[in-house]
Amino acid sequence: MRHDISLNKWDFKIGKLNYSAKVTTPHTWNVDNGVMDYQGEAEYETSVFIGGELSGKRAFIAFNAVYHTAEVYINGKSAGKHSRSGYTPFRLDITDLIKFGDNNKIKVTVDNTHIDEMLPHNGDFDWADDGGIIRKAELHFLENDAIEYIRVEENIKSISGDACAGSLLIKTAFLDGKPHSGTVSIIDYSSNKTVIKKHFDVIENEITVDFEKLKLWSCYSPALYRISLETENDHYEIRTGLRKIEVNGEKVLLNGEEIYLKGCEWMPGSHPDFGMAEPLEQSIKCLKQLKNAGCVFTRFHWQQDDGIFDWCDENGLLVQEEIPYWGYPKQAAPLQLEIAKQQADEMVYYHSNHPSIICWGVGNELGAESEPTIEYVKSMVAYFKDMDGRRLVNYVSNTLSRVENAEKDDATLYGDIAMWNDYLGLWEPSDDIENHMKRTCEKAAGMPLVVSEFGLCEPHFKGGDEERSRILRERLGMYSKIKNICGYMWFSLNDYRTHCGEEGEGKLRRRVHGSTDLYGNEKPSYRLLQNL
């Protein structure tokens, strides 16, 4: 009833440079010899035969991400454009442009020029600006009355050991906009056993399924379920886990129990052979390093692929996925709010079934003491929560430590968790780090606080990995003495590729900020992170 065609072989060209190549997607030109420094427009073209037996179905072209502005053409006609977001999935309805029983020409124009009408904004971000079809691309063929999506929200009413009771709210819609009858099944992912099956005479937009005893998802026991919806002409399923994340005073609770969020941030797209088009196998190597270091939490400055979140779901790694609003403009304007809401819509639509994602992030290191940015954070926290009630929403601050005026407001205090990037004595000079830190944390008294970044960036700061290790050991000793610190995020797992790096050239331009190098080779500070 559903049919997919992978789109992974393309003719690629950059007209301005008279450059052409045959490539396999995912792909970025910014790791290819001769064009790795190019910013601007490029083209991908392919041809695919679509059989006549698919005639009458709805046809879509789907991309997991194109960085950052894409226009898609089918048989010479524009099918649509996706812009202002380079890391979120999108799909376009191409039913009326397809020639069934014939070859079809597909062209995608891609542009990675730094622009203002974008998040990340212009060149104001600290990671690679790799252009291209950087994640999976496919054609999807569906029946006219197919299930469009399934989104699940759990309402956990009671917990007993590793099991819970409550209800599932299953949100769905059909391509034809009409209600249908069908069957909903809940299937244990590990055993493939159907534990609940219910028939519904009419399925509209929401279905409620009560349950008495289902397994909880947690960091140490990541139980998963498949939610299957079957109608006369379609069968579609998603995977999720049941868990409850909440804040209680200065603590974060997972399934009713306090959790300490030991974390480390990994900067994807940093292996020079792959860039932002790195295969899932390479990403998993880095994710395993996080888990092997004893981490239960990580954050991503920009949106990631479903495959990464699938691994986090299966292995119990908690995640904060963030809108890539980093650094500038320091005072959020209506344009930034509008773009952030677009990206939030796409994040919730495509990623909300992943239990590993426990937090949405709305920005990092903005002018958090300014009224416009405070209002932006308030608006985005409310916007996310209105769409998705099963997650926390946060803003990451680098201004909370400005303690000269202890009464001064800061945008991070309007999230569920106060998040503070601690670079005292480094990017932020300080004569008395321990006392300065205590005064900073006092500003967030009454709510949990996570140190969302700390570490050493070379060559701007000296001392090498020995100094990085000293900072790690020193800071953890300080954090343990402050009662509302409920976790930390070591920054970072790896040295990382970034267009604003101080070391290296081309695809090797980087910041030396990691406990592993660009290729994943571990430094002494990584082994220290494992043992602390």
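Two strands count as paired if DSSP finds at least two bridges between them. Strands themselves are DSSP runs (E, at least two residues), helices are runs of H or I with at least four residues, and both are numbered from the N terminus.

Before the details, the source. This is a predicted model, where local features need pLDDT of at least 70 and side-chain atom pairs count only at pLDDT 80 or more, while totals for chains, interfaces and linings use all residues. Residues are numbered from 1 along each chain as its sequence is written, and side-chain values use heavy atoms, with hydrogens and water left out.

I start with an open sheet of four strands, in the order β1-β10-β5-β8, with antiparallel pairing. Its edges are β1 (3–6) and β8 (90–93); each has a single partner strand, so one side of each has no neighbour in the sheet. Inside the sheet, β5 (residues 58–63) and β10 (residues 137–142) pair antiparallel over six bridges. A62 stands opposite E138 in β10.

Next, β16, residues 225–230. Five of its six residues are buried, so the strand is largely enclosed by the rest of the structure. Buried here means under 20% relative accessible area, against over 50% for exposed and partly exposed in between, with a 1.4 Å probe and protein chains only. Strand β13 (residues 180–188) runs antiparallel to β16 and is joined to it by six bridges; I186 has I227 as its bridge partner. Four residues lie between β16 and β17, which form a hairpin.

β17 brings us to helix α2, residues 306–315. What does the buried side of α2 pack against? The list is β17 (235–240), α1 (280–292), β22 (297–300), β23 (318–322), α3 (334–351) and β24 (357–364), with contact meaning heavy atoms within 4.5 Å. The buried residues of α2 are G307, I308, F309, W311, C312 and D313. At the N-terminal end, D305 is the cap, with a side-chain oxygen 2.9 Å from the backbone nitrogen of G307. After the helix comes G316, with a positive phi near 70°.

Last, empty space. Rolling a probe the size of a water molecule over the atoms shows where empty space is left. The structure holds one cavity of 30 Å³ or more. The largest cavity has 14 lining residues, and H271, Q282, C286, N494 and L518 lie nearest its centre. A cavity is a set of points, on a 1 Å grid over the protein atoms alone, where a 1.4 Å probe fits but cannot get out; lining residues have an atom within 4 Å of a point.

Technical notes:
Polar contact = N/O pair within 3.5 Å; in protein donor to acceptor, adjacent residues only side chain to side chain. 1 Å grid on protein atoms, 1.4 Å probe; cavity = no way out; pocket = protein on both sides within 12 Å on 5 of 7 lines; lining within 4 Å. Points joined across faces, edges and corners; volume = space filled by probe spheres on them.
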